[in-house]
Amino acid sequence: MARVVVNVPASAKRGQVIEIRTLAGHAMETGFRRTQTGELIPRDIITQLVCTYNGVEVFRAELHPAMAANPLITFTTVATESGTLELRWTGDNGYAVTQSASITVV
Amino acid sequence: MDGRQRVRCYAIGFHYGRLRFFALLAAVFSTLPAAGEIPLAERRSGYEFMTRETRAMQDDDATGPALFSLLDGEALWKRNEGQAGVACASCHASMKGVAARYPKVESGRVVNLEQQISVCRTRRQKAPAWAYESRELLALTAYVARQSRGMPIAIEWSEATAPFLEAGRAAFNRRQGQLNLSCAQCHDDHWGRRLAGSVIPQAHPTGYPIYRLEWEALGSLERRLRNCMVGIRAETPAYGAPELVELELFLMWRARGMRLETPAVRP
């Protein structure tokens with residue numbers, strides 16, 4: 001189940017630093033573990049998170065196998081204008097989730 | 001020469017480290033007097049022993065790690081299940097305060113919240129019970145227990161509960177396993193000290209099911225208890241075994257009046 005929540009303040013003053021929090025529900029299987037019969041469990045992780053603010057990329061993170069399950073990523077950006085923040089998570093086995101949140105800048 | 005010397009130093013260092021570890025264990029568990037049960041006013045939730053960052057995770061309702069389980073639990077609560085084709089929501093309205101009263105003594109046996117859900121599933125919904133620690137059972141338990149957050153734990157020492165509480169207390173104080181330790185030796189006598197790198201909490205089950213960072217998942221109190229038992233190299237009772245549920249009941253009574261935090265985050 002590809003599920004993601006994005007938490008962005010509904011409104012902000014122009015020039016204000018805003019905090020964006022996002023949580024993805026994902027097992028983040030490292031690819032290093034084995035089953036009880038010794039077979040390697042294939043890697044299944046989220047590899048990238050990209051955040052665009054009105055089409056302009058403001059944040060990018062690359063995720064690796066050491067990341068915990070259900071990764072929570074918090075970052076900040078400057079509120080410049082009203083519009084949409086779009087967060088795009090991509091990963092192994094065709095994992096792709098896009099979630100947007102709108103912000104009003106006054 | 002130089003190389004050989006270095007190897008020897010390393011070997012001595014290694015033995016010294018091991019000696020120090022056992023000396024520490026011996027110092028912690030033999031020379032200090034037993035403190036007995038913790039006075040009611042000095043009880044502290046595991047939350048207070050956590051780092052600022054872990055507390056922030058628990059306090060964060062919008063993006064907390066148990067969020068998806070709670071949403072799953074809500075969906076399961078409303079879904080018609082089994083041959084009877086009824087949902088939990090068909091019979092029950094609010095479950096506020098329910099988790100604060102479990103484990104509960106019913107017709108001569110003690111039942112925890114997970115088991116009560118299984119009873120409801122098999123008797124009322126005519127559906128197969130979920131396995132212990134399954135994603136569904138944990139999610140629904142968390143959803144139900146979440147509604148009692150902030151409420152004081154209400155387990156009473158009464159005529160009905162007394163035999164089970166006595167059994168639970170005996171289990172808590174009984175030395176067991178290859179390390180020959182009782183629960184009380186760590187959690188009554190030495191809480192606040194460190195066992196290896198971790199602070200020993202007082203073992204109050206205020207937030208179950210918890211999202212434990214070590215598990216990277218939600219887990220029940222029974223899972224946590226079995227974890228501790230593995231740690232002291234004792235035999236682990238099966239999930240749902242009466243001795244585990246009695247211990248759960250005793251721990252909840254021990255934490256009576258403390259506020260529920262479900263779903264709590266623990267390291």
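Visitor: What makes up domain 1 and domain 2 of chain B?
Guide: In this predicted model, the domain assignment gives 38-60 + 152-266 to domain 1 of chain B, and 67-146 to domain 2. Those bounds come from an automatic or database assignment.

Visitor: How far apart do the C-alpha centres of these two domains of chain B lie?
Guide: They are 22 Å apart.

Visitor: How do you know which residues of domain 1 and domain 2 of chain B are in contact, and how many are there?
Guide: The test is C-beta atoms within 7 Å, placed from the backbone. By that test, 22 residues of domain 1 of chain B touch 18 residues of domain 2 of chain B.

Visitor: Which elements of chain B give two or more residues to the domain 1 side?
Guide: β6 (217-219), α9 (221-231) and α10 of chain B do. The most comes from α10(B), with five residues.

Visitor: What classes of residue are on that side of domain 1 of chain B?
Guide: The side that touches domain 2 of chain B has 13 nonpolar, five polar and four charged residues.

Visitor: Why is α7(B) called roughly perpendicular to α10(B)?
Guide: The axes of α7 (residues 162-173) and α10 (residues 242-254) of chain B cross at roughly 95 degrees, coming within 7 Å. Angles of 65 to 115 count as roughly perpendicular, so α7(B) gets that label against α10(B).

Visitor: Which residues meet where α7(B) and α10(B) touch?
Guide: From α7(B), they include B:Phe164, B:Leu165 and B:Phe172, and from α10(B), B:Leu247, B:Phe250 and B:Trp253 are among them. The contact of α7(B) with α10(B) divides into nine nonpolar, one polar and three charged residues.

Visitor: What does the secondary structure of chain B come to, and what share of its residues is buried?
Guide: Chain B has ten helices and seven strands. To count as buried, a residue needs 20 or more other C-beta atoms within 10 Å of its own, and 33% of the 267 residues in chain B pass.

Visitor: How many residues of chain A are in contact with chain B?
Guide: Eleven residues of chain A are in contact with seven residues of chain B. On the chain A side, β1 (3-7) and β3 (17-25) give two or more residues, with the largest share, four residues, from β3(A). That side of chain A divides into five nonpolar, four polar and two charged residues.

Definitions and conventions: Residues numbered from 1 in each chain as written. Chains lettered and ligands numbered in written order. Predicted model: local features only at pLDDT ≥ 70, side-chain atom pairs only at ≥ 80, totals over all residues. Contact = placed C-beta atoms within 7 Å. Nonpolar A, V, L, I, M, F, W, Y, C, P; charged D, E, K, R; others polar. Axes fitted to C-alpha atoms, helices over the stretch in contact; angles between N-to-C directions. Parallel < 35°, antiparallel > 145°, perpendicular 65-115°, else oblique. Buried ≥ 20, exposed ≤ 12 C-beta atoms within 10 Å, placed from the backbone.
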